[in-house]
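Here is a quick tour of a protein fold, written for someone who would rather look at the picture than at a table. Have the structure open while you read.

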Amino acid sequence: MTEAIGRPRDEERKKRLRIAFCHPDLGIGGAERLVVDAALELSRQGHDVHLFTAHHDPNRCFEETVDGSFPVTVYGDFLPRHVFHHLHALCAYIRCMYVALCMVLFWPRFDVIFADQVSAVIPVLKLKTSSKILFYCHFPDLLLAQHTTHLRKLYRAPLNWIEETTTGMADRVLVNSEFTALTFGTTFKQLHARGLNPTVLYPAVDIYQFHSDAQKIPPNIEVMCIFLSINRFERKKNIGLAISAFASLLRKQENISKGMSIPGQDVRLVIAGGYDQRLTENWEYLQELKSLALQQGVGDQVVFVPSCSTLQRNTLLAACLCVIYTPMNEHFGIVPLEAMAAEKPVVACNSGGPKESVKHAATGFLCEPTPESFASAMMLLLHDPQKAEMMGKFARQHVEENFSRKVFGAQLNTIIYDLLKPAANFAT
């Protein structure tokens with residue numbers, strides 16, 4: 001069971017706190033988005049917020065980290081990220097611990113320090129005895145690391161021990177979903193035996209960015225129906241399922257096309273997302289997906305949009321019928337929230353975070369990870385655009401009520417005040 005979120009007293013709400021964030025690399029990603037949202041919302045609650053990191057490139061970051069919303073200080077960017085393309089995890093630990101040490105040595109007292117991703121910093125941050133440590137576990141790192149060879153297992157063994165031991169030193173642990181909370185308990189068995197139950201704090205989405213008059217559907221989109229997949233071009237995102245499901249859909253549609261008002265050639269699958277040509281996996285996977293589309297006979301009807309910008313994403317969301325989300329056992333998944341905020345239903349795997357964010361048959365469909373199951377859900381929406389529109393409106397309301405940044409900020413603020421209560425003791 002996860003810890004319940006309490007409510008702060010009125011006098012506590014008025015107290016202005018000094019809150020620091022310790023984050024490894026402040027780039028562009030889901031973890032960074034959550035940290036930036038947390039800093040923004042706590043700042044809006046009236047607290048003094050300061051973010052510390054080992055890397056921050058003003059040319060590749062979220063706008064809020066450079067527009068003065070809160071200060072950002074960088075320590076340790078001179079330290080290596082890898083040793084001849086190896087030891088990435090160890091280097092990340094060293095870089096982040098250097099950040100934590102500088103926070104302890106050069107900065108005055110903080111009421112709360114919010115750390116994430118690298119739990120090894122917690123013993124260092126604990127040197128500030130007056131500060132409470134809040135740790136956000138996006139997912140156990142030891143499950144994300146490779147243990148494929150004896151050498152890797154030997155390398156990871158002390159890091160895995162450090163991760164569990166230091167995570168247990170936090171005053172409170174947060175996770176991004178009930179799925180991750182369950183995984184946390186089965187992975188960190190010693191912590192679970194001690195009774196350490198993480199609190200679920202769902203990531204948030206900026207619901208207002210999807211209702212801008214500046215967004216226009218480009219005139220070159222002349223097809224009548226677009227199915228949209230948004231993900232990084234990584235194999236774990238299982239994007240091939242979207243292509244296979246789309247091909248299955250078109251085959252089903254072809255069998256009954258004589259009585260349909262939507263010709264098969266006017267349907268497209270658009271696959272958009274993050275892409276870095278420097279990353280071998282990104283390049284290889286894109287080629288694999290293109291080959292799969294040709295093999296499935298839908299090469300002319302699948303459109304790839306790598307390195308999709310925020311404006312492109314929002315435009316595609318405005319134009320699509322629904323969003324196809326294919327990762328299995330995803331820790332949480334921000335894309336379904338973005339889709340629903342844009343009033344689009346989601347077709348996702350019936351596993352992981354989407355089971356908590358998508359309401360089956362109300363804001364989308366939760367399917368088995370097979371082309372046939374996905375294709376059936378897609379067919380329902382294709383044949384009934386009014387149903388898709390109705391589900392989209394309900395999806396928007398669902399996100400506003402449960403996953404907006406305002407809701408996220410209020411819940412985090414409550415967690416922090418609860419953490420500062422004298423009787424609070426969540427790590428024993």
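Let's start with E6 and E7, which pair in the parallel sense over two bridges. Keep in mind that this is a predicted model. Across that pairing, Leu174 has Thr199 of E7 as its bridge partner.

On E6's other flank, the strand pairs with E5: residues 132–137 of E5 and 172–175 of E6 run in the parallel sense, joined over four bridges. Leu134 sits opposite Arg172 of E6, and Cys137 has Val175 of E6 as its bridge partner.

Which way do the side chains of E6 point? Arg172 and Leu174 go one way, Val173 and Val175 go the other, and all of them are buried. As a general rule, side chains in a regular strand alternate between the two faces of the sheet.

## The whole sheet and what packs on it

Zooming out, these strands belong to an open sheet of seven, in the order E3-E2-E1-E4-E5-E6-E7, with parallel pairing. Strand E3 (72–74) and strand E7 (199–200) are at the edges; each has a single partner strand, so one side of each has no neighbour in the sheet.

H2 touches strand E1 (18–25), strand E2 (48–55), strand E4 (112–116) and E5, and its direction makes about 165° with that of E1. Helix H3 (residues 88–106) lies across E1, E2 and E4, and runs at about 155° to E1.

## Two helix pairs to compare

Two packed helices are described by the angle between their axes and the distance between the axes. Take H2 (residues 30–44) with H16 (residues 405–420): the angle is about 75° and the axes are 9 Å apart. That makes H2 roughly perpendicular to H16. On the H2 side, the contact is made by Arg33, Leu34, Asp37, Ala38, Leu40, Glu41 and Leu42; H16 brings Arg405, Lys406, Phe408, Gly409, Leu412, Asn413 and Ile416. Sorted by type, the residues of the H2 contact with H16 are seven nonpolar, two polar and five charged.

Now look at H9 (residues 240–255) and H10 (residues 280–295), which pack at an angle of about 10° with axes 10 Å apart. H9 and H10 are therefore roughly parallel to each other. Gly240, Ile243 and Ser244 of H9 meet Tyr285, Leu289, Leu292 and Ala293 of H10. The residues of the H9 contact with H10 come out as five nonpolar, two polar and no charged.

## The nonpolar cores

Which residues touch the most other members of the largest nonpolar core? They are Phe227, Ile243, Phe246, Val347 and Phe374, in a core of 40 residues. H9 gives the most to this core, with eight residues.

Val347 is worth a click. Leaving out neighbours within four places in sequence, Val347 is in contact with Cys322, Val323, Ile324, Tyr325, Phe365, Cys367, Phe374, Ala377 and Leu381. A second, separate core has 36 residues, including Ala54, Tyr75, Cys137 and Leu142.

## A few residues up close

Is Cys225 buried or exposed? Cys225 has a relative accessible area of 5%, under the 20% cut-off, so Cys225 counts as buried. You'll find Cys225 in strand E8 (residues 225–230). Apart from neighbours within four places in sequence, Cys225 is in contact with Asp266, Val267, Arg268, Leu321 and Leu382.

Not counting residues up to four places away in sequence, Ser357 touches Phe332, Pro336, Leu337, Met340, Thr363, His398 and Phe403.

Gln397, by contrast, is partly exposed, at a relative accessible area of 38%. Gln397 belongs to helix H15 (residues 385–402). Its C-alpha is 8.6 Å from that of Glu343, although Gln397 and Glu343 are 54 residues apart in sequence.

Key
Residues are numbered from 1 along each chain as its sequence is written. This is a predicted model: local features need pLDDT of at least 70, side-chain atom pairs count only at pLDDT 80 or more; totals for chains, interfaces and linings use all residues. Side-chain values use heavy atoms; hydrogens and water are left out. Axes are lines fitted to C-alpha atoms, for helices over the stretch in contact, and angles run from 0 to 180 degrees between N-to-C directions. Angles under 35 degrees count as roughly parallel, over 145 as roughly antiparallel, 65 to 115 as roughly perpendicular and the rest as oblique. Contact means heavy atoms within 4.5 Å. Ala, Val, Leu, Ile, Met, Phe, Trp, Tyr, Cys and Pro count as nonpolar, Asp, Glu, Lys and Arg as charged, and the others, Gly among them, as polar. Buried means under 20% relative accessible area, exposed over 50%, partly exposed in between (1.4 Å probe, protein chains only). A nonpolar core is a set of buried Ala, Val, Leu, Ile, Met, Phe, Trp, Tyr and Cys residues joined through side-chain atoms within 4.5 Å. Two strands pair if DSSP finds at least two bridges between them.
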